[in-house]
Amino acid sequence: MSTESRICRHCSDHNWAIWRCIDCTLSTPVCRKCMRFDHRENPLHRIECWTGTHFRRAELWEVGTYLLVPHQLSTPICDSLEFNMTFLETFQIQKDSDEQMKLRDKASASAPAPPSEDRTLPQADALNNTYVRIVHINGIHHLAMVACQCRGADCIPLDLMASRLMPASFTRIRTLFSLALLDYFRLCNLELKASAYQFDQLLRRLTLPIGTAEIPNLYHEFRRMGRLWRWMKKLKWAGYGHNQQDPMQPPPGSLANFCPACPQPGINLPDDWKDDENGFAFQRIFVADGNFKADHVRQKSAQEDFWLLDGAGMAPNRAEYLEFLRTAIERLTVSPCENTFRAIMNALLASKACDITGLVALVCARHGFYVPNALVDLFKGEQQKNVDFAFLKALDSTRVDPQQGVMLIYDIACQYSVHLRDRIGHLLPVGLQVDRAIDHFHVHAHKDECYFRYATTFIPGAGIVKGQILESNWSILNKISPTARTATLAHRTEMLDDHACDSNHKKTLAMTATLCSRSLDAKAMVAQTDKYYAELSATVDSQMMNTWENEVLGVEAMRLANVKAMDIYAARVPDRQEQLHEALAPLLVKLKQLKEAAEITDKRPEMPSIDEDEAEFDEAAEEISGEETPAPTLPSTDMIPVERQQLSLPSNGNVGGDLKHVEISARKKQAHAQLNRLRELVADISFQYSHVIRAAPERLFEFAVIKMSGALGMNLSSTPGYIRGAECDWYNWVVTQKPYGYSEF
């Protein structure tokens, strides 16, 4: 240290300054007395002591600092506490004098060496006040706790809580956790997905970076206090500090938060909402989905678990849920699209290592808020009864009115809804209409019928809705799954509940800005859609337009009763190739008549005397000889098939060159049409997922080759065996050259 910094500048006694605080801002070395006075109200700072060569890690108890616990009620500092403070200060003044005397005796030109002192952690102070461990953000501290029992020993925990310190026990208090630490850990768990073990290791390194083995192991106490603090925060937010309700028996879902924007009678709807002509706007839309990453390893002693949030948060009451599963009806059905889904196959799977295989949750489709009591566990895959219970709890916890109506978006809604009324019809609110839909991501894996029947595009009142919005929630919740996997069942439930509630909380804070931004986007999109609709309608006959509108209104009215009526949207178009062939034949005949009337003579190109089919693909036949050979005698035009007749084009040499720009323009249009056709083929290949990849993944490339070769005019579909052989030059070229887009196939 420099000469100026050897003397304490906080007092006028000119004492040697060998102590400094590393948590105080702009701190300077001070004497023992000033260090104690400066930290009366900050006893959880970390300090250092000068050794003559360097600063060593020290603690505030070495300078006489203690933890004073004032009373919560009446006089904060009673006579007993005043006596303790006076006596302890008198005792420490003598120690201050002894330290300064030793420092002066050992003063040298370089720096004073601190007096040798026993740094063994004491168990009690001069008045027999017990030393306690205090776990704070910056590490673990040891201080004497000066408290008064004049109002009874039971009041000490309350006084500690008022001082923002939480005791680990209520009788022989030896460990305290600061509320700042517990809040900080909860935020680290929510935002950084840090586990209690990781945070405990961080505290140990902050306390003693090179001697963590000497620090007492408080991991189990810390984990327990983290659970209690999370539970107490929820009780405080729910108003339990001002009411007389029993915190151990809160109403179902009362400690969870929900979407403030979804229409909820009695909360955010006017009294006359039932008379509004836009009744579809009040419909409740939920999204259901399963998550098989949120599993749980079977416990050895599950009976020792203690539940704090059994049904009060996002998860339902466990006993009620198990009783429902025991008596529920599970009816396996064949979906109308006759498809096989992974969720259904996983319904028959179970794990010996895991007692819970995943989660099923419901969220509001418009905003992605988790629904209270609708975050349920899966015990044997994703079964119908799991989703049934979550759906029933969502209707109850969010107070859905039967006149609102409800829509459930589920990736296998075509099968789930077949016997829905038979399974839970007696448990649904009387008069409630339940609509069903499939999100756009999954509906294309079904047959076309499911697209028209269940896609939200064709459901009145659904609008543009994110049917896969729950996947974005899963992506965040899955980051905490490794930590929750090995926790106790009760701790896992509390952890998942806290993350789900925090997701709702953050969306609530961002809702104003998000909805304003989306409102502007929606207005712009409506204007574009109206313009496009008007342009498209102008190309359709008005009588046909009226017929279509009447048909659509008719099937929409009967959709809930008979979903097959929506098949009217299916395209009814004849074979395009046959249609073009029939339309082209009379045009060519007319063209021939016009050419004869104009006395235009066709100039026939030479035709090699080889088979027509071979000549179509063998370009080498045109280069057999450099000499011109006389054209063979051609049959009459009437005998030549329509597709073989040659058009009068400048490039064919049978029309004047002044029409070249017309042919170039026509060929550009033809090229654009062929490119669009290729795009349609690529889209068609993607829609064949359920028929090609699911049934025979190894035939995907073969299927793509057939499709693309057809687009290039090569008929390979009749001889699929050639595709894998050396006979197919096009296949060999794709495999060897790997052109752009090869990976997509």
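First, a term for the stops ahead: buried means under 20% relative accessible area, exposed over 50%, and partly exposed in between, with a 1.4 Å probe and protein chains only. Helices (H or I, at least four residues) and strands (E, at least two) are DSSP runs, numbered from the N terminus. This is a predicted model, where local features need pLDDT of at least 70, side-chain atom pairs count only at pLDDT 80 or more, and totals for chains, interfaces and linings use all residues. Residues are numbered from 1 along each chain as its sequence is written, and side-chain values use heavy atoms, leaving out hydrogens and water.

Select 155–162, helix α3. Its buried residues are Cys 155, Ile 156, Pro 157, Asp 159 and Leu 160. Now show β6 (139–146), β7 (165–167) and β8 (175–178), which are among what covers them. After α3 comes Arg 164, with a positive phi near 65°.

Next, pick helix α4, residues 179–192. Just after α4, Lys 193 has a positive phi of about 60°.

Last stop: select Trp 307, Ala 315, Pro 316, Asp 377 and Thr 493. Of the 15 residues lining the largest cavity, these lie nearest its centre. A cavity here is a set of points on a 1 Å grid over the protein atoms alone where a 1.4 Å probe fits but cannot get out, and lining residues have an atom within 4 Å of a point.

Notes. On a 1 Å grid over the protein atoms alone, a cavity is a set of points where a 1.4 Å probe fits but cannot get out, and a pocket is an open set with protein on both sides within 12 Å along at least five of seven lines; lining residues have an atom within 4 Å of a point. Contact means heavy atoms within 4.5 Å.
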